[in-house]
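Let's take a walk through this structure together, one spot at a time. Have a look at it first, then follow along.

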Amino acid sequence: MSSYSLLIILLFYLGILFFVAHWAEKKANSKWTNNPYVYTFSLAVYCSAWTYYGSIGVAAQSGLSYLTVYLGPIIIIPAWIVILRKIIRISRVNKISSLADFISLRYGNSRFLGALVTFISVVGIIPYIALQLKAIAETFTIVTQTSLSSNVFNDTTTYVAIALALFASYYGTRYVDASEKRKGIVTAVAMESVLKLFFFILVGVYVTYFVFDGFEDIYAKASLIEGFREKNTIGGLPQALNWFFLCLLSLFAMFLLPRQFQMAVVENNRESHIKTAIWLFPLYLLLFNIFVYPIAWGGNILFSEGTGNADTYSLLIPQYFNNTTITVLVFLGGFSASISMIVVASIGLSIMLSNNLLIPYGFLGTLQSDVQDKNSKRIVNIRKVCIFLLIIVAYLIYRFYVLDYNLFSIGLVSFVIMAQLAPAFFGALLWRRGSRLGAISGMLIGFLVCVYTLLIPYGIGITNSSSTFISEGLAGIELLKPFQLFGLDYLAPIPQALFWSLLFNTIIYLAVSVSFKGNYRERNYAEMFIDIDKYSTMHENAFVWKGTAYTRDIEKVLKRFLGEERTKRALTIFNLKYNVDKNQEQADARLIKFAENLLTGHIGTASARILISSVVKEEKVSLQEVLHILEESRENIIINKKLTETSNELKQITAQLQKANEQLLEKDAQKDEFLDTVTHELRTPITAIKASSEILYDDDDIPEELRKQFLKNIISESDRLNRLINKILDLEKFETGKQQIQATKNSLDDTIVTALEPLQQLIRNKKIAVNFVTETVAEAWYDEERIIQVITNLVSNAVKFCPETEGQISITVTESGAYLLTSIRDNGKGINPEDLDAIFDKFYQSTNQNIKKPVGSGLGLAICKQIVEHHKGQIWAENKENGAVFHFTLPKYNSTENE
C-alpha cells in the first residue's frame with residue numbers, strides 16, 4: 001500500500017477519534033458514555049504496543065514468559081473490590097487528580113515528595129512513549145514497504161506526534177480542575193480498546209485457521225524448530241523466581257503507571273463500575289492472549305531466524321500472503337494501542353508536572369491575579385505546554401537515539417522504575433507509621449539502584465560504548481556487576497533490578513519510618529487514608545489544624561481560582577453541611593480542609609496547602625494532640641452515626657404512629673358505620689315482627705289464612721334476626737381469636753357436593769347450570785362445617801348475580817403449589833372494579849346486582865375471609881370476561897402448613 005493511501009486512512013481514523021471524543025464530551029451524562037463497560041474498556045490502555053506487538057516478539061523468542069505481564073493484573077484484580085475502591089474513595093474525598101498528589105497528600109502534603117514522584121514517573125514513562133512512536137514509525141514502513149526517512153518532515157510519525165499532542169492538549173485540558181472527568185478521552189480510549197482487540201483477534205483467526213490448519217498444525221510444525229521445547233517450559237527454580245518477579249512487576253503496574261491511575265481512579269465515575277471491571281478486564285486480557293502463541297510461532301515457521309522482526313509478525317504474516325486488508329486493519333489496531341497510551345500517559349504526566357513540580361516550584365507566584373479566568377487560563381496553558389513538551393521530548397528520543405531494544409523490554413524497564421513508588425504507595429494505604437522521610441529515602445535509594453542496574457547498562461547499549469561496566473562491574477569489582485549484583489546470577493536483568501531496588505527501597509522506607517516519626521499532618525492523613533470508610537462523608541471533621549484563620553481571607557483565595565459564583569456556592573454547601581453561620585468570621589479546621597480540597601484539583605495538594613497557609617496563621621500541634629483530636633473525631637463520627645440512626649428510627653416510629661393513627665380513625669369510622677348498619681339490620685326484622693304482632697293482637701276477627709301469613713312472617717323475620725345475630729357473633733369471635741377451627745383431613749370434592757345439596761332448589765328455580773370439575777386428588781386439612789359455610793355463601797352470591805336466563809356457574813379445584821385452589825365463577829354482570837378491594841369488608845353490599853335493592857346482611861364475605869385466613873389460606877375476587885370469579889386456597893393435606 002502507498003504511503004499516501006495509508007496516511008488518508010490514518011487521517012480518517014484520527015477524525016473518527018476526534019468526533020467520538022467531541023460527541024462524548026457533549027453527551028457526558030448519556031448511558032453510552034457513563035457505564036461500567038466504557039470504564040472497563042478504558043482500563044485496557046494498559047495494553048499498549050508491548051501487548052500488541054511486543055508480546056508476540058517475546059513469545060517467538062523466549063516462549064511463555066510473555067504471560068507474566070498478564071498474570072500479575074489477573075492475580076490482583078479480585079482484590080480491586082477492596083483496594084481500588086479504597087483508592088478511589090480517598091481520591092474522590094480529597095479531590096486527588098494524579099498519582100503524585102495521592103502519595104504526597106498521605107505524607108503530609110509534601111511538596112518535595114510530590115516532585116520526586118513526578119520526576120520518577122517522567123523518567124520512567126517518556127522513553128516508553130518514545131517506543132510507542134517508534135512502533136508507529138516501524139509498522140508504517142512495513143505496511144507501506146518503505147524505509148525510515150532521516151528527514152523529520154518526511155517522517156509520518158512527526159505529524160502523528162503533532163496530531164496526538166493537539167488531541168491530548170485539547171481534550172485533556174478542557175477543565176482547569178484536573179479531578180474533573182474527561183468523558184471524551186475515556187470514551188475514545190474505550191473505543192480504541194475494542195477495536196485493537198477485534199483487529200488482534202481477526203489476525204489471530206486468519207493466521208490460525210487460514211494460513212495454518214488450526215492450533216494443532218502450528219504446534220506440530222513449531223515443535224520441529226530448534227529450542228522449541230526449552231522455550232515453552234517454565235524451567236526450574238531460577239526460572240520460577242524470574243516469573244514471580246515479573247508477575248509482581250506487572251501487578252504493581254496496574255496501580256502505579258500514570259495512565260492506569262488516570263483511568264482507574266481519576267476517571268472513575270462510580271465505584272460500582274469496579275464490579276464489572278473485575279470480571280470483564282481479565283476476560284479482555286484472556287482474549288488478547290489466545291492468539292499470541294499461534295501468531296508468534298506461526299511467524300517463526302514462516303520466517304527463518306533473522307529474516308523478520310518478531311515484534312511485527314502480526315503484520316508480516318498477512319503481508320506475506322498479500323492480504324492488504326488485514327495488514328492495514330492490524331496496523332490500525334497497533335496504532336490505536338500506541339496512541340491511547342501516549343494520549344493518556346501524557347495527560348497524566350502533564351497534571352503531575354504542573355501540579356507537583358512547575359506550579360509549586362515556580363509558577364505559583366504568577367497565579368496572583370484576582371480574576372479567576374486569567375489564573376485558570378495560565379494553569380491550562382501550563383498543562384498544554386507540558387503535554388507538548390512530553391510528546392516532543394519522547395519524539396526526540398525516538399528520532400536521535402538508536403533504541404535497538406524491543407518494545408517488551410523497554411516496557412519492563414518502565415515498569416521497574418515505576419515500581420519504586422510501590423512501598424510508599426501501598427504503605428499509605430496499610431501502615432499508619434509510614435513517614436515522609438521514609439518514603440523519600442526509600443524512593444531515592446530504589447531509583448538509584450534502578451539507575452545502576454538498568455538505566456546505565458541500557459545507556460551503554462544505546463551508545464555502543466566499549467565500557468567494561470556490564471561485564472566487570474564498577475571499578476572492576478565483580479560483586480558490583482549490574483546484571484549480577486552481589487553475585488546473584490540466576491535472575492534475568494529485569495527481575496534482578498526489581499528485586500534489589502525494591503529490597504533496598506522497602507527496608508529503608510520501613511527503617512526510616514520507624515526511626516523518625518512523621519509530623520502531625522502525616523499522622524492525620526495516615527488515619528484518614530487507612531480508615532477512609534469512617535471519614536468519607538464527614539472527612540473535614542477528621543482534619544487536624546490549630547491556629548487563627550478568617551473566612552474572608554480563605555474566600556478571597558478561592559475566588560482567584562474558582563470564581564465568585566462557584567466559591568459562594570461551595571461555601572453555602574459547606575455551611576449547610578456543618579450547620580455553620582454564614583456570617584461567622586473565624587474559620588475552623590473543617591473550612592481549612594474544605595478549601596484545600598477545592599484548590600487541589602486546580603493546582604495540586606502541595607500548592608493548595610501553600611496558598612491556604614499564606615492567609616492563615618497555623619500553630620504547631622503535638623503528636624499527642626493529633627491522636628487526641630482524632631480520637632474525639634472518631635467519637636464524634638460514631639455519635640453522629642448513632643444520632644442519624646436514632647433520627648431515622650424516630651422518623652420510622654413517627655411514620656408508624658401516623659399510620660396507626662390513620663388506621664384508628666378509619667377503624668373508628670368503620671365502628672360508627674358498623675353500629676349504624678347493625679342497628680338498621682336489627683331494626684328491620686324487629687319492626688316487621690312488631691307490625692305483624694300488633695295486627696294479630698288488635699284484630700281478633702282476622703281471617704285464618706291471613707293470620708297464618710302474619711305468623712309465618714314473624715317466624716321468618718325471627719329466623720332472619722337469629723341468623724344476623726349469629727353472623728355478628730361469628731365475626732366477633734374470628735376477629736378476637738376466640739373462634740376455634742376444628743381441622744381434620746377431608747375431601748374437598750365431597751365437601752363441595754355436600755354444600756351444593758341444600759342449594760339445588762334455589763339453583764333450579766333460576767334455571768342455572770352448575771358445572772363442577774376437579775383436576776386433582778382434593779384432600780385438604782380444614783374444618784368441614786366452616787368450609788361448607790364458605791362454599792354456600794360464595795355459590796349463593798353467584799346465584800344472586802347470575803342473569804335471569806341462561807345462568808351458568810362453574811366450580812373448579814386445582815393444585816397450586818402446596819395449596820388447593822377452589823374457583824367459583826358466574827356469568828353475571830361482574831364486580832365494579834372500584835369495589836374489588838372492599839367486597840370483603842363488613843356490611844359491604846354490591847350495587848351491581850340483578851335487583852334494585854341489595855339483598856343480604858353484607859357480612860357473608862367478611863366471615864368467609866376470616867374462615868379462610870384462619871385455615872392459613874387466601875381468598876380474593878376478580879373480574880373475568882362475562883362474570884366474576886371468587887378464589888380461595890386451602891393447604892393440601894401433605895403440606896407443611898398442616899403441621
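Setting aside neighbours within four places in sequence, Asn 355 is in contact (heavy atoms within 4.5 Å) with several residues, including Ser 97, Asp 101, Ala 178, Arg 383, His 602 and Ser 607. This is a predicted model, where local features need pLDDT of at least 70, side-chain atom pairs count only at pLDDT 80 or more, and totals for chains, interfaces and linings use all residues. Residues are numbered from 1 along each chain as its sequence is written, and side-chain values use heavy atoms, with hydrogens and water left out.

You'll find Asn 355 in helix α17, residues 324-363 (helices are DSSP runs of H or I, at least four residues, numbered from the N terminus). Asn 355 counts as buried because its relative accessibility is 0% (buried means under 20% relative accessible area, exposed over 50%, with a 1.4 Å probe and protein chains only). Its side chain also makes a polar contact of 3.2 Å with the side chain of Arg 383 (here, a pair of N or O atoms within 3.5 Å, one able to donate a hydrogen and the other to accept it).

Now hop over to helix α27, residues 564-578. Which of its residues are buried? They are Thr 567, Ala 570, Leu 571, Phe 574, Asn 575 and Tyr 578. Seen down the axis of α27, they fall within an arc of 135° (taken from the directions from the helix axis to the C-beta atoms), so they line one face of the helix. These buried residues pack against α26 and α28, while the face turned away carries the exposed Glu 565 and Leu 576.

Definitions and conventions: Helix = DSSP H or I, 4+ residues; strand = E, 2+ residues; numbered from the N terminus. Expected span 1.5 Å × (residues − 1).
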